[in-house]
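Take a walk through this protein model, one feature at a time. Keep the sequence and the 3D view side by side as you read.

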Amino acid sequence: MKFLVCISNVPDTTTKITFTPDNKEFNKAGVQFVINPWDEYALTRAIELKEAQGGGTVTVLNVGEADTEPNIRKALAIGADDAIRVNAFPKDAFFVAQQIANIAKDGGYDVILMGKESIDYNGFQVHGMVGELLGIPTVAPAMKLDMSGNTATLEREIEGGKEIVEVNTPFVASCQQPMCEPRIPNMRGIMTARTKPLKVVEPTGEGARTEVSAYALPPAKQGVKLIPAESAGELIKLLRNEAKVI
């Protein structure tokens, strides 16, 4: 069985976010990038399923520029067999989905996995677009994934509970915890990752359909005002006139 796992290159969660002077681009200076944490669930589960089946391949796919390759190599160290990098900045969700769909179509993959969203934009869009472009089912967000032959059983979160669905390959699924315990590379994996194939291809299809006009940081938090317990009237006044929550 052929697994395609899509990974994003995102700022570490401890990163202090700043923008370029014109507020049109994220300022990468001094920023540590990591594999999108949600994608690590998809990657680890694909490797586990391949191992349980006693064969198959796990291919990692990233849409990004050359600076994403250290994290692609990390994915190979975790256990992926090979990798593909589409040599383009991930301009918007449709552009990324289109690149994934084109690679998936040409490669004949059985299962396409990715995280439920990237932690930088939290768009929750790409998986659905990929499924639509390929004309195959999408299950999102999946909390559990098991395979029996060409049939997958997935458990996904719904309002007020869980839903268990079955789907035949090929399909797309976006992943979240508690699907598995994400793996970390061991020394053997790090050494073998250096020689695993990493193919670089140019983007195909249409360009992005949206563009960023400006970024803005959220308003700075205001100072805390402490109101004596006996001054309920003053508290109500502040909530109504300043906080505007009542």
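Begin with Glu69 and Arg85, which form a salt bridge with their closest N and O atoms 3.0 Å apart. A salt bridge here is a side-chain nitrogen of Lys or Arg within 4 Å of a carboxyl oxygen of Asp or Glu. Side chains of opposite charge can pair when their charged atoms come close. Glu69 sits in helix α2 (residues 69-78) and Arg85 in strand β5 (residues 82-87), so this pair ties together parts that are 16 residues apart in sequence. Helices (H or I, at least four residues) and strands (E, at least two) are DSSP runs, numbered from the N terminus. Are the two partners buried or exposed? Glu69 is partly exposed, at 24% relative accessible area. Arg85 is buried, at 5%. Buried means under 20% relative accessible area, exposed over 50%, and partly exposed in between (1.4 Å probe, protein chains only).

A word on the source. This is a predicted model, in which local features need pLDDT of at least 70 and side-chain atom pairs count only at pLDDT 80 or more, while totals for chains, interfaces and linings use all residues. Residues are numbered from 1 along each chain as its sequence is written, and side-chain values use heavy atoms, with hydrogens and water left out.

The whole structure holds 10 salt bridges. Look next at Arg45, Glu48 and Asp146, which are linked in a network of them. Glu48 and Arg45 meet at 2.8 Å, N to O. Both lie in helix α1 (residues 37-53), and because they are three residues apart, about one helical turn separates them. Arg45 also bridges to Asp146, with the closest N and O atoms 2.9 Å apart. Glu48 is partly exposed, at 21%. Asp146 is partly exposed too, at 32%.

Stay with helix α1. Of its 17 residues, 12 are buried, so the helix is largely enclosed by the rest of the structure. Among the buried ones are Trp38, Tyr41, Leu43, Ile47 and Leu49. Now check the length of α1. At 1.5 Å a residue, its 17 residues should span 24 Å, and the end C-alpha atoms are 25 Å apart, which agrees. The expected span is 1.5 Å times one less than the number of residues. Just after α1, Gly54 takes a positive phi of about 75 degrees.

Turn to the sheet. In what order do its strands lie? Nine strands form an open sheet in the order β9-β8-β7-β10-β6-β1-β4-β5-β11, with mixed pairing. Two strands pair if DSSP finds at least two bridges between them. β9 (161-168) and β11 (198-201) stand at the edges with a single partner strand each, so one side of each has no neighbour in the sheet. From one strand to the next, the twist averages 30 degrees. Such angles run from 0 to 180 degrees between N-to-C directions, with axes as lines fitted to C-alpha atoms, for helices over the stretch in contact.

Strand β6 (residues 111-115) is mostly covered, with five of its five residues buried. On one side, β6 runs parallel to strand β1 (residues 2-6), joined by four bridges. Val5 stands opposite Leu113 there. β6 also pairs in the parallel sense with strand β10 (residues 171-175), over five bridges. Ile112 has Val172 in β10 as its bridge partner. β1 in turn runs parallel to strand β4 (residues 57-64), again over five bridges. Lys2 has Thr57 in β4 as its bridge partner.

Finally, the cysteines. A disulfide is a pair of cysteine sulfur atoms within 2.5 Å, and the count comes to zero. For Cys175, the nearest cysteine sulfur is that of Cys180, 7.6 Å away. Cys6 is buried at 5% relative accessible area, and Cys175 is buried at 0%.
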